[in-house]
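Here's a quick briefing for anyone meeting this structure for the first time. Have a look at it, then read on.

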Amino acid sequence: MSNGWGLSLLGRDLALDLGSSNTLIHQQDRGVVLDEPTLVAVDSTSGQLVAAGQDAVEMLGRTPASVVTVHPLVDGVVTDADLTESMLSHFIQQLRISRLVRPRMVVCVPSSVTPVERRALEDTAMHSGARRVFVLEEAMAAAIGAGLPVHDATASLVVDIGGGTTEVAVISLGGIVNARSLRVGGDEVDEAIVAGVRATHDLLLGERSAQDIKVTIGSAYPLTEELDMRVRGRVLGTGLPRTVTLTSTEVRRMIEPPVLQVVDVVKAVLDICPPELSGDVLDNGIVLTGGGALLRGLDERLRRELGVPVRVADDPTRAVIRGAGACVDDFAALERVLVGPRRR
């Protein structure tokens with residue numbers, strides 16, 4: 001039997017992008033086989049898992065007092081190990097993985113995680129059924145998934161904006177030359193919208209409503225034609241429902257603080273980039289990945305403020321899992337970018 005990763009009698013291995021917003025799993029040679037929200041519904045009296053993923057999302061704001069919905073990861077870090085393990089085990093069971101032959105697993109982590117936080121992620125993967133766990137930094141995974149030449153001598157700059165973190169990294173010769181991680185992402189944009197609507201309209205919005213507003217009329221740079229939408233919420237003083245009209249200009253003002261933080265962290269990485277590599281970045285530009293890359297006008301905002309070409313990767317929300325999946329599918333070629341392994 002071959003010692004290589006490849007297809008073997010040991011079964012199909014997995015790549016895992018365990019994000020604050022979504023959990024994606026890539027199975028060897030099959031591609032992405034699971035894409036579910038990172039959310040669980042739990043019975044508060046027994047602590048038992050009631051639902052996970054999309055099923056838990058459907059329960060948001062509709063559960064009885066005995067059932068609570070919980071995000072088991074915040075800012076890309078495990079905050080409740082037991083719930084994360086239960087959720088991941090639930091997802092893996094859906095894939096009908098053999099219990100006799102446990103898969104090896106590549107797990108993506110933010111570059112800012114502490115050794116303790118990284119250990120928690122590795123332990124979660126081990127307890128949910130992995131035989132071996134390899135670690136891959138999210139920025140590297142995003143660069144591979146975006147098709148950047150990570151092994152070349154020329155530098156690539158990737159900005160991965162997830163739900164809880166933003167990863168910015170300059171990559172050359174198969175390694176990260178310098179990087180910054182910011183615990184700000186799409187979740188903070190949603191929170192800014194909730195806070196802004198509460199402050200300006202005295203209206204309380206739910207998490208899903210804020211996400212709808214961000215997707216429908218959110219923008220980081222003035223639009224050629226500004227947008228608007230009607231939003232329903234609950235008046236803080238009376239508790240009665242009310243509908244207001246929000247404009248994209250108004251929402252842009254609300255989300256400016258987290259957007260500015262993202263712009264500033266990209267500037268900080270460019271400032272410390274070695275001169276030889278700065279020229280490469282000027283030539284090759286910046287690639288945006290992650291769900292945050294879909295915010296209207298963010299590429300134009302960065303282009304104007306940094307004076308560097310900026311483009312959004314194809315299907316940016318899946319760039320990280322594509323990169324991690326490439327490591328699973330062709331381990332020998334990409335082994336250098338992995339950290340590990342932890343063994344059962």
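In what order do the three strands of the open sheet come, and is the pairing parallel or antiparallel? The order is E5-E4-E6, and the pairing is antiparallel. Before going further, note that this is a predicted model, where local features need pLDDT of at least 70 and side-chain atom pairs count only at pLDDT 80 or more, while totals for chains, interfaces and linings use all residues. Residues are numbered from 1 along each chain as its sequence is written, and side-chain values use heavy atoms, with hydrogens and water left out.

**The sheet and its helix**

- Strands E5 (49–52) and E6 (67–70) sit at the edges with a single partner strand each, so one side of each has no neighbour in the sheet.
- From one strand to the next, the twist averages 20°.
- Strand E4 (residues 40–43) is joined to E5 by three bridges, and the two run antiparallel; strands count as paired if DSSP finds at least two bridges between them.
- Across from Val 40 you'll find Ala 52 in E5.
- Helix H2 (residues 81–94) lies across E4, E5 and E6, at about 60° to E5.
- Helices (H or I, at least four residues) and strands (E, at least two) are DSSP runs, numbered from the N terminus.

- Helix H4 (residues 138–145) packs against helix H11 (residues 319–329) at about 85°, with the axes 6 Å apart.
- That makes H4 roughly perpendicular to H11, a label for angles of 65 to 115 degrees.
- The axes are lines fitted to C-alpha atoms, for helices over the stretch in contact, and angles run from 0 to 180 degrees between N-to-C directions.
- Among the residues that meet are Ala 141 and Ile 144 in H4, and Val 320 and Cys 327 in H11; contact means heavy atoms within 4.5 Å.

**Positions from the record**

- An unreviewed UniProt entry lists Gly 163, Gly 164, Thr 165, Gly 291, Gly 292, Ala 293 and Leu 294 under "binding site"; such annotations may be inferred rather than shown by experiment.
- Gly 164 lies in the loop between strands E11 (156–161) and E12 (166–172), and it is buried at 2% relative accessible area.
- Beyond four places in sequence, the contacts of Gly 164 include Ser 20, Asp 75 and Arg 183.
- Gly 291 is in the loop between strand E17 (286–289) and helix H10 (298–306), and it is partly exposed at 40% relative accessibility.
- Leaving out residues up to four places away in sequence, Gly 291 touches Ile 161 and Thr 317.
- Buried means under 20% relative accessible area, exposed over 50%, and partly exposed in between (1.4 Å probe, protein chains only).

How values were computed: Parallel < 35°, antiparallel > 145°, perpendicular 65-115°, else oblique.
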